[in-house]
Amino acid sequence: MAYIVSPNPHIHASVSTKKLMLDVIIALCPAAIVSFLFYGLSEIAIMAVSVASCVVLEWAITKYLMKKPSTTGDLSAIVTGILLAMNLPPTCPLWVVFIGAVVAIAVTKMSFGGLGQNIWNPALVGRVFLLVSFPTYMTDWTVPAGFISNVDAFSGATLLGQVPILGALEADKLVNLKTLLHNVGGSAGEISALALLAGWVYLLVRKVIKPWITLSIFATVALVAGIFHFVDPAAYTGALFNLLTGGVILGACFMATDYVTSPMSSWGGVVYGIGIGFIVMMIRYFGSYPEGMSFAILLMNTAVPLINMKFHPRKYGRK
Amino acid sequence: MAKITFSIGGVHPDDAKLSRGCAIEVLPLPQTMYVSMAQHLGAPAKPIVAVGDKVKTGQVIAEPGGFISAFVHSPASGTVKSIGPRKDLAGNNVTHIEIAVEGDEWVEGVDLSDTLVTEIQEDRQAILDRIKACGVVGLGGATFPTHVKLNPAPGSVAECLILNGAECEPYLTSDFRIMLERTKEIVVGAAIMQKVLGGCRTVIGIEENKPEAIEAMKKAVAELPYKIEVLPLKKKYPQGGEKQLIQAVMHREVGSGGLPISVGAVVQNVATSLAVYEAVQKNKPLITNVLTVTGNCLPVEKQHNYLFRIGMPLSYIAEYAGGVPEAAGKLISGGPMMGRAIANLDAATVKGSSSILYLSAESTKRGQESLCIRCGRCSDACPMGLEPFLLHRLYKAGDVDGLEANAAQDCIECGCCLYSCPAYIPLLDRVRQAKGMAMAAIRARAAAKQAAKESKTK
Amino acid sequence: MNSIVIWTIVILAGLGLVLAVVLFFIAKTFKVEEDPRIEQIEKTLPGANCGGCGYAGCHAFADSAVKASDLSAHFCPVGGNEVMKKVSEILGFAVVEKAPQVAVLRCNGTCEARPAVNYYDGDKSCRVKAALYSGDTACPFGCLGCGDCVDVCEFGALSMDPATGLPVLDESKCVACGKCVKACPKKLIELRPKGPRGMREAVLCRNEDKGPVAKKACANACIGCGICVKTCTHEAISLENNLAYIDPAKCKLCRECEAVCPTGAIHGVNFPKELDKAAVKERVAKRNAAPAVANATVIPSEAKESKKEVSNG
């Protein structure tokens with residue numbers, strides 16, 4: 001009998017990339033189901049196309065271009081697919097979804113060497129690419145027929161899109177506690193803050209992610225919006241409005257916390273979160289895009305190597 | 001519950017103390033025993049017997065080969081059959097003295113009775129001499145000669161003696177059993193070491209998953225006339241690591257490359273304390289130790305805690321315990337986190353042997369290595385606050401300066417990084433090499449500095 | 001419209017001119033004065049920057065060679081004698097010739113001859129494996145088969161043979177830079193003279209265990225029996241720690257040792273003819289049977305004969 005010999009340790013926490021990704025998928029389920037309920041079959045189709053294209057693209061690239069064993073088994077392509085679908089409007093044509101998947105997987109992820117090597121969050125690069133290339137499709141917020149009817153749905157613009165039309169004071173009034181539960185008229189993933197937060201709590205309980213990045217984004221957004229709103233309520237929307245609209249929750253809970261593109265240390269994560277929160281508010285108040293979460297996260301993704309260089313965990317026995 | 005523990009990193013493996021209920025049994029003597037000359041940290045011992053010599057149990061058969069080295073004694077009476085290379089558990093050749101066992105006739109002057117001797121009569125130097133003469137080494141894993149550790153360099157003062165009863169490694173129960181069965185002896189041993197160190201604060205740290213041991217120890221301490229504390233610790237691996245235990249108990253951190261005594265700490269294992277007691281109070285050399293036969297593919301009724309003679313082949317003990325279980329995929333000497341895989345079961349036991357652990361192939365086989373996903377779990381787990389993913393990258397790039405700057409040399413090889421890596425990257429395997437590179441660079445620089453200094457004085 | 005085009009051309013051309021002048025002065029001011037011979041030598045060197053010479057790279061080699069008083073400490077294994085001749089000419093030193101060398105793996109413990117006795121599950125690296133234990137076979141001296149030597153070879157001369165579990169050398173690519181020698185934790189690779197037309201003999205084993213132990217671990221091991229030492233008429237073979245070693249400087253390539261070796265630990269390569277073991281054995285036996293007095297006269301002629309046989313083939 002040939003026994004195994006290896007260096008220590010001889011046991012493992014039996015955590016694997018696949019299990020972690022599966023947890024992320026589970027955490028995204030509540031928000032995905034909510035989006036299916038409100039946006040119906042068209043949203044299901046977008047999700048299916050997005051996930052399938054991501055997986056097939058990754059499989060094909062590993063097999064035919066990199067000539068390596070396929071990495072689709074780690075489920076990260078599925079996560080990217082779900083996140084991409086959640087960042088698109090429900091009326092997005094399917095061929096646009098496919099292009100988004102190509103940019104996300106082929107350009108942003110695999111060209112850097114695959115999982116763990118990319119600098120930017122693949123789903124977000126996919127979304128931003130589509131936003132810049134196909135602005136008409138990407139800002140068409142017509143609400144398709146869902147399984148639950150929406151009498152008070154806005155069509156044609158998101159809540160953030162209403163700000164220049166109605167003014168900050170009026171827009172603020174549109175946000176109330178009901179928005180927390182469901183806020184129809186935006187990207188699929190932005191409908192229910194509650195569903196997203198439930199998924200985030202699940203990830204925290206399973207110890208998949210640490211809360212610092214998300215909390216620091218929320219805190220910074222609230223603080224910056226609070227100060228500006230206090231100074232001039234007529235010109236600047238308030239903290240609650242900014243927290244609950246335009247993908248701040250989706251971005252802070254699921255996109256900014258992506259392992260690969262976020263800092264390794266907890267303190268680095270806090271700095272990264274503050275950066276995202278600040279940039280998103282600057283874009284919203286002073287930029288030409290009503291939304292800013294994608295750009296803010298991608299900008300801070302770029303800064304992650306610098307943050308990692310500066311922030312290290314406290315070492316034992318060293319000052 | 002206990003709240004005391006170290007503050008950086010750490011992991012929580014299932015403690016799986018399956019053999020905790022098995023009382024210590026005494027193993028009968030085999031026909032042949034092989035006594036290794038390299039059973040301790042430092043220079044190997046030098047044999048002082050010749051082939052054909054008759055030896056008695058407890059007789060010195062090898063003497064220290066350097067300042068950091070230890071005496072080795074015969075584990076039984078009989079004839080020296082051969083002195084030569086024999087493969088250790090890693091399959092490498094080490095000089096062993098082979099003894100054909102003929103009986104168990106002890107050398108004179110050893111108190112073999114069970115009576116507890118609580119009065120410490122000898123003075124400091126006599127105690128140290130006795131500990132040295134009896135070949136006592138640290139039994140917590142590193143096997144550092146105890147008399148050297150208890151005799152800090154002039155100028156350094158011991159402020160706290162910490163007795164390590166954490167036994168944070170899963171599966172192992174030998175320390176737990178001796179804490180239950182030889183409680184008072186351990187306390188007396190601690191008192192002896194306390195006396196040697198000048199009567200400093202003495203703490204026995206025990207993890208909370210061993211409540212029986214904590215209770216027994218508290219009772220023994222209360223009954224005996226010494227000033228010793230029993231400190232329950234929160235369960236967390238690697239609590240038994242010297243640096244971690246010092247931080248948990250004293251809230252002080254040993255600087256990089258420094259010794260525990262630099263912060264006034266001396267850490268000794270409970271098993272070492274027992275060996276010190278037997279050496280000083282009974283004049284009994286270190287020829288026995290307790291070892292656990294356990295594993296996740298071994299039914300509990302087949303698990304044992306054995307009092308073995310140092311030099312019994314591992315295979316003999318395994319056979320006596322009922323043979324290697326069929327489901328075993330890996331054999332380990334020591335715990336599952338820091339133990340060494342046994343490549344050669346015929347190897348002889350040494351002073352530091354603490355277990356024969358059988359793990360099933362499924363539970364121990366490593367997963368397929370994949371790409372790092374930068375989750376940071378390794379650096380969250382590292383009890384030294386290092387960043388294994390970074391050290392891994394620097395090692396691959398051959399950047400020795402970077403390794404040193406990121407403290408690769410501080411690694412204690414506890415295995416937490418690899419234990420928690422979801423991509424199954426053999427982090428510790430490589431960080432250990434990286435540590436070697438960083439240490440070599442530091443040593444080379446120190447040597448060059450020394451040489452420059454010498455040439456200047458000339 | 002026209003003026004825009006003209007202005008663009010003028011501005012760009014002007015910019016180019018100004019920058020060129022700036023660059024020229026910068027290059028002039030910051031130019032590092034260097035011995036011109038360094039550049040000359042560097043040009044003759046292969047430029048592989050492999051470090052086989054013991055210097056950090058080709059430039060470091062050239063820099064050091066210029067300052068040296070002779071070339072005894074400088075040899076480019078990649079370029080060989082040809083390049084060194086040119087370097088010597090540049091520097092005006094006497095030409096120092098070195099016999100071309102090649103890396104030789106001193107282990108022939110194939111998977112078949114040396115079966116695995118355990119299963120290694122750690123990092124696939126010889127360094128890591130060697131630090132842990134003696135290896136997955138019963139031989140604690142032999143090749144670990146993780147290919148650290150293959151990884152360090154910058155010339156693609158080494159590759160792992162999955163059938164034997166040992167690295168194989170492509171002699172035409174090996175430049176004897178010695179990187180593999182340093183990479184092998186078991187010190188199994190030796191740089192040996194390439195030999196006339198590549199012909200050479202070596203004991204491909206480093207097992208220092210006693211005969212029976214070595215034999216049990218590996219069918220191809222040197223068991224330290226000493227038959228080769230007794231057979232060799234050129235005193236080229238020494239036996240130390242149960243291990244034979246052929247001194248390449250003394251070996252006359254008669255291949256008698258290879259024929260008599262009971263385990264096949266001695267290997268000859270690049271010989272034009274296949275070794276007829278039986279015939280050589282017979283010849284050796286006959287010689288040994290001859291009276292001791294006659295031995296002295298018989299041996300040289302036999303040796304000469306065997307030498308002739310080689311050169312004829």
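This tour visits several salt bridges, one glycine and a pair of domains in a predicted model.

Local features are given here only where pLDDT is at least 70, and side-chain atom pairs only at pLDDT 80 or more, whereas totals for chains, interfaces and linings use all residues. Residues are numbered from 1 along each chain as its sequence is written, chains are lettered from A and ligands numbered from 1 in the order in which they are written, and side-chain values use heavy atoms, without hydrogens or water.

**Stop 1: salt bridges**

Begin with the whole structure on display. A search over all chains finds 42 salt bridges. The term denotes a side-chain nitrogen of Lys or Arg within 4 Å of a carboxyl oxygen of Asp or Glu.

Select B:Glu223 and B:Lys184. Their side chains form a salt bridge, with 2.7 Å from N to O. B:Glu223 belongs to helix α5 (residues 211-223) of chain B and B:Lys184 to helix α4 (residues 183-196) of chain B, so the pair joins distant parts of the chain, 39 residues apart. Helices (H or I, at least four residues) and strands (E, at least two) are DSSP runs, numbered from the N terminus.

Next, select B:Glu229 and B:Arg201. The closest N and O atoms of this salt bridge are 2.9 Å apart. This pair also links distant parts of the chain: B:Glu229 is in strand β11 (residues 229-233) of chain B, and B:Arg201 is in strand β10 (residues 201-207) of chain B, 28 residues apart. B:Glu229 is partly exposed, at 33%, and B:Arg201 is partly exposed, at 36%.

Move to chain C and select C:Glu154 and C:Lys179. Their side chains meet in a salt bridge of 2.6 Å, N to O. C:Glu154 is partly exposed at 44%, as is C:Lys179 at 26%.

Return to chain B for a network of salt bridges, which links B:Arg182, B:Glu185, B:Glu278 and B:Lys284.

**Stop 2: a glycine in a loop**

Select B:Gly141, in the loop between α1 (124-133) and α2 (146-149) of chain B. B:Gly141 counts as exposed, with 53% relative accessibility.

**Stop 3: two domains of chain B**

Colour domain 1 (1-26 + 128-365) and domain 2 (377-457) of chain B separately. These bounds come from an automatic or database domain assignment. The C-alpha centres of the two domains lie 27 Å apart.

Between them, 15 residues of domain 1 are in contact (heavy atoms within 4.5 Å) with 14 residues of domain 2. How many salt bridges are there between domain 1 and domain 2 of chain B? The count is zero.

The domains bury about 1,000 Å² between them, 63% of it on carbon and sulfur atoms. Buried area is the accessible area (1.4 Å probe) that two parts lose on being put together, summed over both. To finish, select B:Ile8, B:Val11 and B:Met337, the residues of domain 1 that lose the most area to domain 2, together 34% of what that side buries.

Methods
Buried < 20%, exposed > 50% of the residue type's maximum accessible area, 1.4 Å probe, protein only.
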